[in-house]
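Please open the structure in your viewer and keep the selection tool ready.

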Amino acid sequence: MIGFFIALISGALMSIQGVFNTQVTKSSGIWVANAFVQFTALLVCLAAWLITDRSSFASLLKVEPKYMLLGGAIGAFITYTVIKSMDMLGPARAVMLIVVAQLIVAYAIELLGWFGVDKQPLEMRKVIGMLITIAGIITFKWK
């Protein structure tokens, strides 16, 4: 149940962050805003690391496969695309499309067993759920 609430908080924070970041780009360039976002995230992570576990950064060298270390670089492009989509589509439409894209890609990763994730069988109820979600987006934005 705690995971459920953490996921809800994550979604709320992503929406708020996207709006904040989009506003920051109005006074700076998108890459300046993105760099600031990533830099402040680094500072928060370093502070949390100092307060909590202080595990060795050398342990990162043990990560296999090495491409798994690209999460931060992907994060920079996530920030960029969230800013651009919110600016061009507005927060509600952008977040709905982002969430549907996350759902579809996450399910594809599970179905195909990509990136070391345990392969899962295709379940029609999950496909129907995604289709209902897409229909909900269409209904939400119908004029």
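Leaving aside its neighbours within four places in sequence, with which residues is Val100 in contact? Select Val100, which lies in helix α4, and then display Thr133, Ile134 and Ile137: these are the residues that Val100 contacts beyond its sequence neighbours. Please bear in mind throughout that this is a predicted model.

**Stop 1: around Val100**

Is Val100 buried or exposed? Its relative accessibility is 11%, and a residue under 20% is classed as buried, so Val100 counts as buried.

**Stop 2: confidence along the chain**

Colour the protein chain by pLDDT. The average is 92, and 99% of the residues score at least 70. Now select helix α2, residues 30–51, which has the highest mean pLDDT among the elements, 95. Helix α5, residues 124–141, has the lowest, with a mean of 89.

**Stop 3: helix α3**

Select residues 71–89, which form α3. How far apart are the end C-alpha atoms of α3? They are 26 Å apart; at 1.5 Å a residue, the 19 residues of this helix should span 27 Å, so the two values agree.

Within α3, highlight Gly75, Ala76, Thr79, Val82, Ile83, Ser85 and Met86, which are buried. Show α1, α2 and α4 as well, for the buried residues of α3 pack against these helices. In general, an α-helix has 3.6 residues a turn, so residues three or four places apart point the same way. Then move just past the end of α3 to Gly90, where phi is positive, at about 90°.

**Stop 4: the largest pocket**

Select Met14, Gln17, Ile78, Val82 and Gln102. Of the 24 residues that line the largest pocket, these lie nearest its centre. The elements that each give two or more residues to this lining are α1 (2–25), α2, α3 and α4 (91–112). Which element gives the largest share? It is α1, with 8 residues. The volume of this pocket is about 700 Å³. Colour its lining by class: 12 residues are nonpolar, 12 are polar and none is charged.

**Stop 5: the second largest pocket**

Finally, select Gln38, Phe57, Leu60, Leu69 and Gly72, which line the second largest pocket. Its volume is about 200 Å³. By class, this lining has 3 nonpolar and 2 polar residues, with no charged ones.

Technical notes:
Residues are numbered from 1 along each chain as its sequence is written. This is a predicted model: local features need pLDDT of at least 70, side-chain atom pairs count only at pLDDT 80 or more; totals for chains, interfaces and linings use all residues. Side-chain values use heavy atoms; hydrogens and water are left out. pLDDT is the predictor's confidence in each residue, from 0 to 100. Helices (H or I, at least four residues) and strands (E, at least two) are DSSP runs, numbered from the N terminus. On a 1 Å grid over the protein atoms alone, a cavity is a set of points where a 1.4 Å probe fits but cannot get out, and a pocket is an open set with protein on both sides within 12 Å along at least five of seven lines; lining residues have an atom within 4 Å of a point. Grid points are joined across faces, edges and corners, and a volume is the space filled by probe spheres set on the points. Ala, Val, Leu, Ile, Met, Phe, Trp, Tyr, Cys and Pro count as nonpolar, Asp, Glu, Lys and Arg as charged, and the others, Gly among them, as polar. The expected span of a helix is 1.5 Å times one less than its number of residues. Buried means under 20% relative accessible area, exposed over 50%, partly exposed in between (1.4 Å probe, protein chains only). Contact means heavy atoms within 4.5 Å.
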